[in-house]
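User: I would like to learn how to read helices, loops and pockets in a model. Please take one feature at a time.

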Amino acid sequence: MKSEVETQPVPRSPGRWLGAFVFLSPGLAYLVVLMLVPLALVFSYTVFQRGRFGGVVYEFTTENFERLFDPLYLSVVLDSLKIAALTTLIALLVGYPTAYLIAQLPKKWKTLALVAVVLPFWTNFIIRVYAWTILLSGPGLVNSALAKIGLGPLELLYNQGTIVAGLLYSYLPLMVLPLYAAIERLDPQLREASANLGASGFATFRKVTLPLTVPGVLTGCLFVFVPSFGNFVIPEMLGGNKSIMVGNLIRNQFLAARDWPFGATLSLALIAVLVVLLIVQAWAARRA
């Protein structure tokens with residue numbers, strides 16, 4: 001029964017506002033100092049010119065934005081998109097069955113399986129990439145094994161396939177964990193009901209499990225695609241000079257060419273692409 005007395009919102013006292021500000025101030029300071037200020041600095045560099053010997057000349061220009069559409073730089077961006085998309089697709093194809101199997105394990109084994117998934121993160125990133133370099137080099141363990149069975153040695157380093165393998169190894173856990181969380185939250189009665197209604201295992205997966213785990217799929221794809229697209233360590237160490245991604249291009253502009261304005265423009269373009277991806281992921285997750 002509806003109450004005859006309408007409740008009025010209680011206005012917040014100044015003390016409550018002050019308390020909220022005190023608790024929010026560390027996070028706000030973190031965002032302002034470590035995100036907004038650097039972004040503003042990067043954006044300001046995009047409209048200035050490069051000095052003759054590097055650095056920044058504070059004279060207005062739009063040349064940096066025009067250079068973004070140079071076919072040379074566009075080809076690097078397209079290659080980066082292709083490598084990141086391929087890495088994300090393979091991570092999804094490998095990560096979904098892995099997460100599904102972990103979710104079906106007995107409770108006492110789930111924790112052990114999840115620890116095994118995140119175990120590579122306990123080792124330094126650079127050391128893990130060096131390990132791949134040693135394994136895939138000419139006299140490395142993989143080529144030595146291939147030579148013993150008459151299939152080697154092969155040129156395993158310095159190609160896009162090796163870059164994809166290195167990115168996949170590094171970021172696969174970021175795909176498995178969101179998928180596991182999404183699958184673990186599923187109500188098992190929904191799959192039981194589907195089976196009782198005569199649906200096969202594949203039909204149940206296609207019509208029940210997969211649609212309900214789409215938010216986890218989108219989150220995992222975003223977690224893998226974003227660092228893969230901007231990575232420069234793995235392409236440099238495993239791809240050599242034959243494969244340059246947008247992260248390498250940005251780093252070279254700042255450190256080698258000393259063209260800070262154009263490097264800042266490339267960084268801003270990369271951030272814009274990632275923001276668009278975040279918006280698309282949020283929109284798709286809401287619709288799902």
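Analyst: What follows takes helices, then loop residues, then a pocket, then pairs of residues. This is a predicted model, in which local features need pLDDT of at least 70 and side-chain atom pairs count only at pLDDT 80 or more, while totals for chains, interfaces and linings use all residues. Residues are numbered from 1 along each chain as its sequence is written, and side-chain values use heavy atoms, with hydrogens and water left out.

User: Which residues of α9 are buried, and what covers them?

Analyst: Buried means under 20% relative accessible area, exposed over 50%, and partly exposed in between (1.4 Å probe, protein chains only). In α9 the buried residues are Ala203, Thr204, Val208 and Thr209. Down the axis of α9 they fall within an arc of 160 degrees, so they line one face of the helix. The arc is that of the directions from the helix axis to the C-beta atoms. Contact means heavy atoms within 4.5 Å, and the cover over the buried residues of α9 includes α3 (71-104) and α8 (188-196).

User: Where are the buried and the exposed residues of α5?

Analyst: Helix α5, residues 125-136, reaches 17 Å from its first C-alpha to its last, close to the 16 Å expected for 12 residues. Its buried residues are Arg128, Val129, Thr133 and Leu136. Seen down the axis of α5, these lie within an arc of 145 degrees, so they line one face of the helix. They pack against α6, α7 and α11. The face turned away from the buried side of α5 carries the exposed residues Ile127 and Ile134.

User: What caps the N-terminal end of α5?

Analyst: A polar contact is a pair of N or O atoms within 3.5 Å; within protein, one must be able to donate a hydrogen and the other to accept it, and residues adjacent in sequence count only if both atoms are side-chain atoms. Asparagine 124 caps α5 at that end, with a side-chain oxygen 2.9 Å from the backbone nitrogen of isoleucine 126.

User: Which loop holds asparagine 231, and is asparagine 231 buried or exposed?

Analyst: Asparagine 231 sits in the loop between α10 (214-230) and α11 (233-239). Its relative accessible area is 7%, which means that asparagine 231 is buried. A polar atom of its side chain lies 2.9 Å from the backbone nitrogen of isoleucine 234. Leaving aside neighbours within four places in sequence, asparagine 231 is in contact with Phe125, Leu167, Tyr171, Met245, Gly247 and Asn248.

User: What is there to read in the loop between α12 and α13?

Analyst: At a relative accessible area of 40%, arginine 258 is partly exposed. Aspartate 259, in the loop between α12 and α13, counts as buried at 6% relative accessibility. The side chains of aspartate 259 and arginine 67 are joined by a polar contact of 2.9 Å. Beyond neighbours within four places in sequence, aspartate 259 is in contact with Arg50, Arg67 and Gln253.

User: Where else is phi positive in a residue other than glycine?

Analyst: Tyrosine 158 has phi near 65 degrees. Tyrosine 158 is placed in the loop between α6 (141-148) and α7 (160-184) and is partly exposed, at 35% relative accessibility.

User: How is a pocket found, and what lines the largest pocket?

Analyst: Rolling a probe the size of a water molecule over the atoms shows where empty space is left. On a 1 Å grid over the protein atoms alone, with a 1.4 Å probe, a pocket is an open set of points with protein on both sides within 12 Å along at least five of seven lines; lining residues have an atom within 4 Å of a point. Grid points are joined across faces, edges and corners, and a volume is the space filled by probe spheres set on the points. The largest pocket holds about 200 Å³ of space. Its lining includes Leu68, Phe69, Tyr73, Phe229, Val246 and Leu266. α3, α12 and α13 each supply at least two lining residues, and α13 gives the most, with 4 residues.

Terms used:
Expected span 1.5 Å × (residues − 1).
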